[in-house]
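Dear colleague,

I am passing this structure on to you, with the sequence and coordinates placed just below. My notes on what was found in it follow after that.

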Amino acid sequence: MNELEAIIAEESARDGPITFARFMALALYHPTLGYYAGGGVGREPLGWEGDYFTSGDVHPLFGWCVGKQLAQMWELLGRPPRFDVIELGAGRGLLARDVWRYALERAPEWAAALRYTLADRAPVGSPLRAAREKRLTTEIAALGVPTGALAWVDEVEACADPPATGCLLSNELVDALPVHILTIADGALAEVYVTVDAATGRLTEARGPLSTPELASYLDEYRIPWSTYPDGWRCEVCLEAGPWLRSAAARLARGFVLTLDYGDTARALYTRDRRRGTLAVYTRHQLGERPLAHPGRQDLTAHVNFSALVRAGRLAELRLAGLTTQERFLRGLGLMEEAAALGTRLYPAAAFAERHTDRGQADYLRYKALLGAAATLVNPHGLGGFRVLVQHRGVPGAGRTLLGLRG
Ligand SMILES: C[S@@+](CC[C@H](N)C(=O)[O-])C[C@H]1O[C@@H](n2cnc3c(N)ncnc32)[C@H](O)[C@@H]1O
């Protein structure tokens, strides 16, 4: 039993079974031992060396295209002298780096207005956070980003400035928020708890009544016909997503909320066929099967209910600009054309006339790899199937105009 498992077991022995959401909050966000705090050993969970990759790992063109979208948002807002991007759950800052790259190379006037704040729960002062800040600061300085145009905070509430004009951006944050697990037992909804197995002393699941009335009405609010589903059916419910969006939206005076993640609308997510829900466990790029094992050392994640984000946005006076797929979003922003242009610039000997030479062969392979990375970002069965939600405050007509929503 690792140290965090012992802490969780102790809490459960003291207070009784804990909800899965409480377990997940401790496993991912315990301030020193949690997965996103470095698991007690300062380990980087993200990227090729970690447990899973995100779009920013596949190719910088992802952030480049997001940058292109943000630049257009600045135009739509009337080119304000200051445009804030607050990236929530920024992780290592890959997106920030590549957005800046776009800004400095392609949109210098926007770059002069851009202030970029990275918000992530990785605790300030932790070795993980320090390593990330050091690496990004070096990369950003090499690009020529003006000092003072980039800041770090640990949560969006910590942004000191008054509500911003700009965009609140997140990639794969919401899927990392703690979820409750519901199941159907004897035709009624029940909740899955985490407790200690008396025989083995290890963490195990237990069923119990719903921990909060909000859970009882959640599926009904989206008209999910769960009472026709079989016993044993289960699903995840993220009660934190709405409050998270609302508190983020409070930071926005005028502009956009751009949310990229895997998931779907409630009706497509909570179907009869998806009997086991969407909870997933990742370690070293392998899907695991034991969510309660090794807390703090493996990733836990669940698909996002985008209907809940749309609803929470409405309550926070955000309007829906559009909900699309990552494939359509990136194609609308010209990803494939950008990839071809970049390939031609970086690997000129890939052209047919030179392909018989050694350099031509090498360049051709690199050119094909670049196009392959772009194709990965829009693969409808993978990253391209992710959802992109755009909400706005005070930008009428945005849904019809934004490049990423054109598709
Ligand atoms: C799945 S990772 C994605 C990281 C990064 N956006 C990327 O695409 O590589 C989720 C990140 O969200 C952060 N996070 C979770 N909840 C948060 C919150 N309420 N505020 C800020 N960051 C949060 C976690 O610490 C983690 O780094």
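**Strand pairing, sheets and ligand shell**

Strand S1 (residues 18-19) is paired with strand S7 (residues 188-196) in the antiparallel sense, over 2 bridges, and within this pairing Thr19 has Tyr193 of S7 as its bridge partner. Please keep in mind throughout that this is a predicted model.

Strand S6 (residues 180-185) runs antiparallel to S7 and is joined to S7 by 5 bridges, with Ala185 bridged to Ala188; the two strands form a hairpin with 2 residues between them, and in its turn Asp186 has a positive phi of about 50°. Strand S8 (residues 203-208) is likewise antiparallel to S7, here over 6 bridges, and Glu191 stands opposite Gly208 in S8. The hairpin of S7 and S8 has 6 residues between the strands, and Gly201 takes a positive phi near 75° there.

Another open sheet consists of 3 strands in the order S13-S12-S14, with antiparallel pairing. Strand S13 (286-288) and strand S14 (299-301) each have a single partner strand, so one side of each is left without a neighbour in the sheet. Direction ignored, neighbouring strands of this sheet are turned by 35° against each other on average. Strand S12 (residues 280-283) pairs with S14 over 3 bridges, and Val281 stands opposite Leu300 in S14.

As for the ligand, 19 residues lie around it, of which Tyr36, Thr54, Gly89, Gly91 and Arg121 come nearest. By class, this shell has 10 nonpolar, 5 polar and 4 charged residues.

Finally, the domain assignment of the protein chain gives domain 1 (3-46 + 177-242 + 263-304) and domain 2 (335-378), and the C-alpha centres of domain 1 and domain 2 lie 44 Å apart.

Technical notes
Residues numbered from 1 in each chain as written. Predicted model: local features only at pLDDT ≥ 70, side-chain atom pairs only at ≥ 80, totals over all residues. Near = placed C-beta within 6 Å. Nonpolar A, V, L, I, M, F, W, Y, C, P; charged D, E, K, R; others polar. Domains from an automatic or database assignment. Pairing = 2+ DSSP bridges. Helix = DSSP H or I, 4+ residues; strand = E, 2+ residues; numbered from the N terminus. Axes fitted to C-alpha atoms, helices over the stretch in contact; angles between N-to-C directions.
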